[in-house]
Amino acid sequence: MAEHLDLHTVGDLLHHYPRRYAERGELTTLADLPLDEHVTVVARVADARVMTFNGAKGRGQRLEVTITDGSGRLQLVFFGKGVHKPHKDLLPGTRAMFAGKVSVFNRKTQLAHPAYELLRGEDGENAVGSWAGALIPIYPATTKLESWKIAKAVDAVLPSAVDAVDPLPPTLREGRGLTDLPDALRKIHRPRTKADIADARERLKWDEAFVLQVALARRRFADTQLPAVARRPVPGGLLDAFDAKLPFTLTEGQEKVSGEIFADLATEHPMHRLLQGEVGSGKTMVALRAMLAVVDAGGQAAMLAPTEVLAQQHHRSVTEMMGELAEGGMLGGAEHATKVVLLTGSMGTAARRQALLDLVTGEAGIVIGTHALIEDKVQFHDLGLVVVDEQHRFGVEQRDALRGKGRQPPHLLVMTATPIPRTVAMTVFGDLETSVLDQLPAGRSPIASHVVPAADKPHFLARAWERVREEVENGHQAYVVCPRIGDEEDEKKKAKEADAEKRPPLAVLDVAGQLARGPLAGLRVEVLHGRMAPDDKDAVMRRFAAGEADVLVATTVIEVGVNVPNATAMVIMDADRFGVSQLHQLRGRVGRGSAPGLCLLVTEMPEASPARQRLAAVASTLDGFELSRVDLEQRREGDVLGQAQSGVRSSLRMLAVIDDEEVIAAAREEAVAVVAADPELEHLPELRTALDALLDKERERYLEKG
């Protein structure tokens with residue numbers, strides 16, 4: 001069990017819950033067995049016959065057994081010496097559980113050499129009734145360990161469930177009417193009724209949600225104990241000067257979130273806040289005002305972007321928004337001005353040396369950069385605030401390294417444009433307080449999105465290119481996004497090895513050429529992708545932003561932060577190759593000006609496919625939170641938390657982050673109350689034990705660094 005299922009202790013085994021329950025009365029359907037999967041079925045033998053081949057002495061014997069469950073029939077095959085025992089056991093009319101891998105032979109589904117367990121009614125007829133109603137637990141199993149072997153092992157250790165240490169405080173358990181842990185374990189493994197299963201699940205979900213939320217609540221509590229320098233904006237300083245020159249008023253949402261951030265910055269322990277905002281909801285503006293407040297208070301602010309392109313863009317948009325306020329120490333700089341420096345890995349030595357100097361002396365109040373900011377050489381005069389853009393691309397270790405740059409822990413603001421459903425935010429970023437910006441700033445235009453089924457209706461694709469030409473004729477610009485770059489040697493090889501039916505995803509370099517020669521001939525078409533030199537990328541973006549190119553054919557490098565208000569149309573090729581949230585991010589790059597945006601999702605997938613349903617969902621709503629739910633429901637939670645979060649993820653067995661919103665929210669409240677009353681959990685030894693088990697060494701490390 002340790003080897004195949006990573007179960008090492010009795011506790012591990014008791015927490016290895018059945019995946020589902022087969023009712024002996026109601027048989028698993030044979031009609032829709034998945035190919036190549038390891039299945040466990042309950043069925044009755046219809047007939048069995050031994051076939052001999054190879055002529056002499058019956059050397060080659062094959063036993064064919066047909067089983068049925070009313071919905072369909074399935075063939076079992078046994079060969080050679082292995083036929084004797086099943087031939088004796090599997091008589092017509094016998095019922096049994098069979099486990100094996102589903103394969104196809106002669107166009108029929110079959111199980112070859114399945115393992116089986118006979119289901120016999122004990123002492124005659126009276127037992128059959130009770131037996132037929134029983135629920136057979138089917139465990140997550142492997143070829144080496146069939147479900148019933150696991151079940152027998154569970155039978156052996158189930159009596160010791162009485163010793164299970166119950167992590168839930170008794171008052172909580174009674175207050176919420178939850179059954180105790182030994183009882184829940186008995187009911188989940190050996191339920192008498194469906195109500196037993198429901199009771200047990202409800203209780204076990206609470207365990208997971210509560211223990212995880214206590215871990216997070218303790219971290220939040222510990223963070224409130226850390227010292228930090230309070231940073232309050234100075235009246236008549238940089239922030240006021242900046243607000244005075246803003247050409248527009250902030251949205252209500254921006255005002256509200258700014259208020260939450262300023263309140264946090266004014267306290268003597270570090271802010272830890274997650275700022276979620278739709279693409280284009282004005283997060284950068286909110287973050288910039290927080291940075292200016294910190295500079296007013298004598299500190300420095302650092303903004304971390306995941307890529308060079310983004311860092312350069314943030315630097316450009318921040319200096320543009322600040323104008324002469326960003327020209328500290330220069331002629332023409334305003335009196336409150338500060339210096340805004342850029343720090344990336346590919347900078348020249350001289351520029352880099354100057355930037356480092358400005359940071360150490362405190363000349364630069366604001367620094368914007370990539371991970372290069374985290375290197376040992378980088379020293380700050382007095383780091384007061386760290387803004388991290390696009391958290392999901394930014395590991396926990398990096399946040400940690402940057403935090404160590406301040407004399408005291410700096411305040412932390414994490415920004416993400418990927419809408420995260422509330423419950424996931426509570427589980428993944430549970431150590432951060434959350435602010436949400438959900439209004440779009442005034443002057444933003446609606447985006448119309450349509451699916452273009454290139455295979456079913458080729459004329460739709462032709463029309464898409466006409467629409468792009470029309471936008472350009474009206475003085476606007478367009479993006480064309482492709483899943484890959486093209487002309488890579490290894491990719492060509494891969495494409496050849498792949499089946500001929502599945503063509504490789506469309507590539508920027510091929511598509512750009514075809515468009516420039518064909519449907520978009522005469523327009524200025526440029527390309528942008530991740531393998532270009534940083535200077536070339538920047539030059540292309542500058543030309544596009546300046547309106548010197550009509551159409552930009554790009555990979556997803558434009559997904560984050562590209563801001564060209566004049567770009568109104570986007571065509572996404574092979575849109576089915578992108579995830580829901582990625583499509584939503586990409587789409588947010590158009591309609592940033594006063595003209596309405598248009599996003600066309602081109603796909604060759606057939607109408608009934610899940611990929612098409614996904615695209616239809618993206619086309620039907622602009623609400624990122626709605627889409628993030630669709631995305632999760634399609635992928636389940638497995639990848640939501642991504643690799644960086646895998647430590648926490650693996651502890652959830654029963655809890656489904658999307659469906660159990662109420663449990664998670666309630667568990668968070670209870671956890672906060674428990675930790676506030678008893679931060680060290682001195683009076684709750686059982687909860688401590690459970691917590692230590694959850695935070696085993698690897699996860700402890702992960703959480704510490706969070």
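Predicted model: local features only at pLDDT ≥ 70, side-chain atom pairs only at ≥ 80, totals over all residues.
1. Helix H21 (residues 610-620) lies across S16 and strand S21 (597-603), at about 160° to S16.

2. These strands belong to an open sheet of six, in the order S16-S21-S20-S17-S19-S18, with parallel pairing. Strand S16 (447-453) and strand S18 (525-528) are at the edges; each has a single partner strand, so one side of each has no neighbour in the sheet. From one strand to the next, the twist averages 20°.

3. S18 pairs with strand S19 (residues 551-554) in the parallel sense, over four bridges. Within this part of the sheet, Glu526 stands opposite Leu552 in S19.

4. The largest nonpolar core has 34 residues, and Met322, Ile366 and Leu385 have the most contacts inside it. Among the elements that each supply at least two residues are helix H12 (308-322), strand S12 (364-369) and strand S13 (383-389). H11 gives the most, with ten residues. Another core, of 28 residues, lies apart from this one and includes Tyr479, Val590, Val618 and Leu627.

5. Setting aside residues up to four places away in sequence, Met322 touches Phe242, Lys245, Leu288, Leu292, Thr338, Val340 and Ile366.

6. Gly299 sits in the loop between H11 and S10. Gly299 is buried, with a relative accessible area of 5%. Beyond its neighbours within four places in sequence, Gly299 is in contact with Arg231, Val294, Gly365 and Asp382. The C-alpha atoms of Gly299 and Leu383 are separated by 5.8 Å, although the two residues are 84 residues apart along the chain.

Definitions and conventions
Residues numbered from 1 in each chain as written. Heavy atoms only, no water. Core = buried A, V, L, I, M, F, W, Y, C linked by side-chain atoms within 4.5 Å. Buried < 20%, exposed > 50% of the residue type's maximum accessible area, 1.4 Å probe, protein only. Contact = heavy atoms within 4.5 Å. Pairing = 2+ DSSP bridges. Axes fitted to C-alpha atoms, helices over the stretch in contact; angles between N-to-C directions.
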